[in-house]
Amino acid sequence: MIVTNSPTMGPSISGLFSPRRARVWVAFTLTCALLLFLARQRGAAAEWNAGQQPPPNSVAAPDDQGPKEVRGDEVDWSKFAYLQYVTNSHYLCNSVMLFGQLHQLGSKADRVMMYPEGMFNLEVSEGARRGKGGKRHDIELLNKARDDFNVKLVPVSVQHRATADSTWAESFTKLLAFNQTQYSRVLSLDSDAVLLGSVDELFTLPPSPVAMPRAYWLYPEEKKLASHILLVEPSAEEFERVLDATNKGGEDEYDMEILNTLYQDSAMVIPHRRYALLTQVFRWEDGEHAKYLGSDREEWDPIEVFNEAKYLHFSDWPLPKPWLGAAEDLRQRLEPKCRDKGGVESCVERDIWNGIYRDFHERRQRVCGYSIDPPER
């Protein structure tokens, strides 16, 4: 018997699989599958975009350089520390200033100051003059760092070597960072600098024994890494290597040279833009800025460069460091020159540069009670 369609019966099996109905059915099935796929893609995209939005307790990170944003509750910040080393009263004040900026920025990692053993001893007279004791004002600043800025104070023996230039004879103390094995990572920041933004995100860089920026101001003649910002994974093995290299170093080799001997070909490179801006860059002539920008096609914009920077280092030789003071005529001779911009005089670089120095002196007065020379007490 042949089964046919009737008003009271559904379509026959043969009708369901007729050529015309088969084509309609296949098209319908493919359309549904496509819509389901697109819906899932939109859902995944929404989850991805949501994941890119910084949560309230996130750590800010650069747009396209360095580590991405990380959730504050996903990081054990007790394993990380900012590290400063102090060798005298000048650098003690600088260090307290920098720790004050870290405190103001709400940095999450520990803060550790290595200071000369004996600086907490109040042997003001003969002992202080010989560097064996501490001045009352030094002790006040150490207490301020500990009590106001939550700094952990670690007494150390200042590492001094006979070198060709006494300016950096005690900079080897910085290398004690490799021995701070109570932390999985320490970020050593030279204190002759200014923090312009949080740099917590550097602790989340991929694992590497050492990370340093390029010494771009020496390029292309000398291709070296700079040590004024230094990310270290402390270990007994690496500390032993550093000590051995230090003991074998010549009188014209300082902390930067020793670190390049050991790590120039293996260190992770920290982007110097944002994290290693020098004040001298604002004094450079047209055409020199490509060394900092990384390209001779990008236009130099001093305002943008300053606004994107997070760590600014004082370096304007032959102008002395700002806390040492400088003759006014020398400062005026070395300050950035105004430029002609399409027939209009622009003094932006000069204004930024002078503003950096002025702000440093004002903060030094507020934090330490003096701008140039520390009090003799």
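**Salt bridges, ring pairs and disulfides**

The side chains of Asp190 and Lys174 meet in a salt bridge, with N and O 3.1 Å apart. A salt bridge here is a side-chain nitrogen of Lys or Arg within 4 Å of a carboxyl oxygen of Asp or Glu. Asp190 lies in the loop between strand E6 (185–189) and strand E7 (193–195), and Lys174 in the loop between strand E5 (151–156) and E6, so the pair ties together parts that are 16 residues apart in sequence. Helices (H or I, at least four residues) and strands (E, at least two) are DSSP runs, numbered from the N terminus.

This is a predicted model: local features need pLDDT of at least 70 and side-chain atom pairs count only at pLDDT 80 or more, while totals for chains, interfaces and linings use all residues. Residues are numbered from 1 along each chain as its sequence is written, and side-chain values use heavy atoms, with hydrogens and water left out.

Asp190 counts as buried at 12% relative accessibility, and Lys174 counts as buried at 2%. Buried means under 20% relative accessible area, exposed over 50%, and partly exposed in between (1.4 Å probe, protein chains only). Lys174 also forms a salt bridge with Asp255, where the closest N and O atoms are 2.9 Å apart. This pair links distant parts of the chain, with Lys174 in the loop between E5 and E6 and Asp255 in helix H7 (residues 255–263), 81 residues apart. Asp255 is buried as well, at 5% relative accessibility.

Arg339 is in strand E13 (residues 339–341) and Asp286 in the loop between strand E11 (277–278) and helix H9 (290–293); the pair links distant parts of the chain, 53 residues apart. Arg339 is buried, with a relative accessible area of 11%, whereas Asp286 counts as exposed at 57% relative accessibility. A search of the whole structure finds 21 salt bridges.

Next come the aromatic rings. Rings of Phe, Tyr and Trp (its six-membered ring) pair if their centres lie within 6.5 Å; planes under 30 degrees apart count as stacked, over 60 as edge-to-face and the rest as tilted. By this rule the count comes to 14 aromatic pairs. In one of them, the rings of Tyr91 and Trp323 have their centres 5.3 Å apart and their planes at 70°, so the pair is edge-to-face. Tyr91 sits in helix H3 (residues 89–105) and Trp323 in the loop between strand E12 (311–313) and helix H11 (328–334), so this pair links distant parts of the chain, 232 residues apart. Tyr91 counts as partly exposed at 25% relative accessibility, and Trp323 as buried at 2%.

The rings of Tyr216 and Trp284 have centres 6.3 Å apart and planes at 70°, so this pair is edge-to-face. Tyr216 lies in the loop between strand E8 (210–213) and strand E9 (229–232) and Trp284 in the loop between E11 and H9, so the pair ties together parts that are 68 residues apart in sequence. Tyr216 is buried, with a relative accessible area of 2%, and Trp284 counts as buried at 7% relative accessibility. Lys291 lies over the face of Trp284, at 4.9 Å from the ring centre. A charge sits over a ring if NZ of Lys or CZ of Arg is within 6 Å of the ring centre and within 35 degrees of the ring normal. Elsewhere, ring pairs link Tyr91, Phe314, Trp323, Trp353, Tyr357 and Phe360 into a cluster.

The structure holds two disulfides, a disulfide being a pair of cysteine sulfur atoms within 2.5 Å. Cys93 and Cys368 form one, with their sulfur atoms 1.9 Å apart. Cys93 lies in helix H3 and Cys368 in helix H12 (residues 348–368), so the pair ties together parts that are 275 residues apart in sequence. Both Cys93 and Cys368 are buried, and their link is right-handed, with 105° about the S-S bond. Cys338 and Cys347 form a disulfide with sulfur atoms 2.0 Å apart. Cys338 is partly exposed, with a relative accessible area of 27%, while Cys347 is buried at 14%. Counting bonded cysteines along the chain, the disulfides follow the pattern 1-4, 2-3.
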